[in-house]
Amino acid sequence: EYMSTADIREKYLRFFEAKGCKRMPSSSLIPDDPSLLLTSAGMVQFKPYFLQQKHLEAPYVGTTTAQKCVRTNDIDIIGTTGRHLSFFEMLGNFSFGDYFKEEMCAWALEFSTEVLGLPVERLYFTVFTDDDETIEIWKSLGIPEERISRLGEEDNFWRAGPTGPCGPCSELYYDQGPEFGCGSPDCAPGCDCDRYLEYWNLVFTQYDGQEDGTLVSLPKKNIDTGMGLERIAAIMQGVQSNYEIDLMRDLLAVGERLTGKTYGENAEDDLSLRIIADHSRSVTFMISDGILPSNEGRGYVLRRLLRRAVMKGHLLGIEGTFLNEYIDEVVKLMGDVYPEIVENRELTRRVVLSEEERFGSTLRQGQAYLDEALSELDGDVLSGETAFTLHDTYGFPIEVTEEITSARGISVDLDGFERSMAEQRARARANAKDADKAWSTYGGVMSEILEEAGPTEFLGYAKDASDVTVL
Ligand code: ATP
Ligand code: MG
Ligand code: MG
Ligand code: MG
């Protein structure tokens with residue numbers, strides 16, 4: 001049965017309210033937690049509750065939210081799978097020492113089959129390596145053993161970051177059918193292809209991860225679940241990917257309007273259309289939550305998303321600035337649920353326009369510079385110095401350079417790039433010291449300021465299993 005995204009969001013929150021959970025608003029994309037760069041999951045705002053530093057008032061058994069999330073670890077694959085977005089909404093419900101596994105598994109099944117009406121034969125379940133207890137729970141709920149499998153740390157042990165509340169999980173998958181699959185005989189839940197779509201993760205948050213890697217049992221056992229709203233909407237709407245659900249299709253349409261192209265006709269254009277549609281949501285929400293483009297931290301994530309969107313627009317042949325068309329559409333589509341994007345719309349438009357103008361004017365020159373470097377290239381590695389010039393003179397984030405070259409089968413000498421960056425930092429420090437001498441009355445403060453604000457610095461992204469980059 002077709003369900004709109006808005007409908008699913010509301011049904012989820014009501015379902016868990018009826019189970020005794022308190023409906024709470026999404027928290028900001030800027031987490032109230034210095035160890036995290038961006039809010040990447042619903043549990044982030046509840047960390048103090050898991051640690052029993054904060055308590056929920058009676059009579060609630062837990063909370064339920066629709067949380068805005070940005071995941072940096074997925075940025076590189078956005079658009080290449082049907083199920084990864086850089087911005088998405090996570091539906092979640094949480095227990096801080098109240099309901100636990102048995103209730104949670106029963107409720108997850110009830111919501112999936114009775115509220116959403118998913119056929120139980122299409123559902124698959126995974127548990128953490130040796131979690132026999134959860135296998136028994138699923139079996140007691142009528143799930144045949146052959147549709148339950150075990151997955152290791154990478155899939156089924158959840159952490160928001162290197163430390164803090166974490167635990168084993170059990171995931172729910174929906175079989176979209178062999179036509180979505182990779183065709184491998186080993187294809188099963190956990191495979192990278194889109195056949196078995198992970199739509200819900202139930203985390204049994206039992207531990208507090210320490211700096212040294214040890215897991216300390218939490219005083220109470222908790223539940224933290226996350227269901228990707230766009231993923232479940234794709235299932236309910238019977239569409240091929242997260243990009244074709246009601247909320248996203250209108251953003252693809254903006255691109256169609258701007259380019260005169262039709263989505264679904266050319267794979268490369270489709271990828272660009274998907275990336276701009278996705279990135280424009282991240283950008284709108286990030287700026288509305290107070291993030292501004294910069295060369296480090298979350299501001300760099302924003303800048304990288306913005307520039308990548310501009311680059312893809314350029315590839316599609318769009319002339320001039322265009323991102324504000326997308327911003328307007330995001331506000332129109334999501335402003336009723338997230339009033340902050342309506343309130344900050346003018347700010348968002350201004351920030352986006354100025355970044356677009358700044359980058360757009362050097363983009364063509366940078367592209368010409370890169371084209372020339374590539375045509376003169378001997379071998380299949382672009383030098384670190386060329387990548388550095390693109391970064392330093394033309395504002396190309398290193399990932400953008402890598403993306404362009406890798407499409408032509410060429411890699412970038414990243415070590416060389418890092419060396420050039422380090423040399424630049426050293427030069428900036430030396431200059432700052434000279435400046436200190438001239439400004440000696442200021443007692444050396446200039447070098448500190450320049451060291452902090454001066455050179456651009458690439459901080460890198462977590463490539464590990466965790467979803468969060470640490471500042
Ligand atoms: P995947 O293995 O597909 O990358 P995940 O295991 O990293 O997903 P979780 O950390 O378990 O995802 O997050 C809980 C839920 O949030 C997922 O089951 C999925 O429905 C949704 N989700 C996670 N990442 C994304 C994303 N990049 N875009 C859209 N939805 C997502
Ligand atoms: Mg993931
Ligand atoms: Mg997973
Ligand atoms: Mg998961």
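Of the 17 residues around ligand 1, those that come nearest are His 84, Phe 88, Asn 201, Gly 226 and Gly 228, a residue being near a molecule if its C-beta atom, placed from the backbone, lies within 6 Å of it. The model is predicted: local features need pLDDT of at least 70 and side-chain atom pairs count only at pLDDT 80 or more, whereas totals for chains, interfaces and linings use all residues. Residues are numbered from 1 along each chain as its sequence is written, with chains lettered from A and ligands numbered from 1 in the order in which they are written.

Two or more residues of the shell around ligand 1 are given by each of β3 (87-96), β8 (196-209), β9 (215-228) and α6 (229-237); helices (H or I, at least four residues) and strands (E, at least two) are DSSP runs numbered from the N terminus. With 4 residues, β8 gives the most to this shell. The shell comprises 6 nonpolar, 4 polar and 7 charged residues, where Ala, Val, Leu, Ile, Met, Phe, Trp, Tyr, Cys and Pro count as nonpolar, Asp, Glu, Lys and Arg as charged, and the others, Gly among them, as polar.

An automatic or database assignment divides the protein chain into domain 1 (5-237), domain 2 (245-376) and domain 3 (378-463). The contact takes 16 residues from domain 2 and 15 residues from domain 3, two residues being in contact if their C-beta atoms, placed from the backbone, lie within 7 Å. On the side of domain 2 that touches domain 3, α9 (297-315) and α12 (345-375) each supply at least two residues, and α12 gives the most, with 8 residues.
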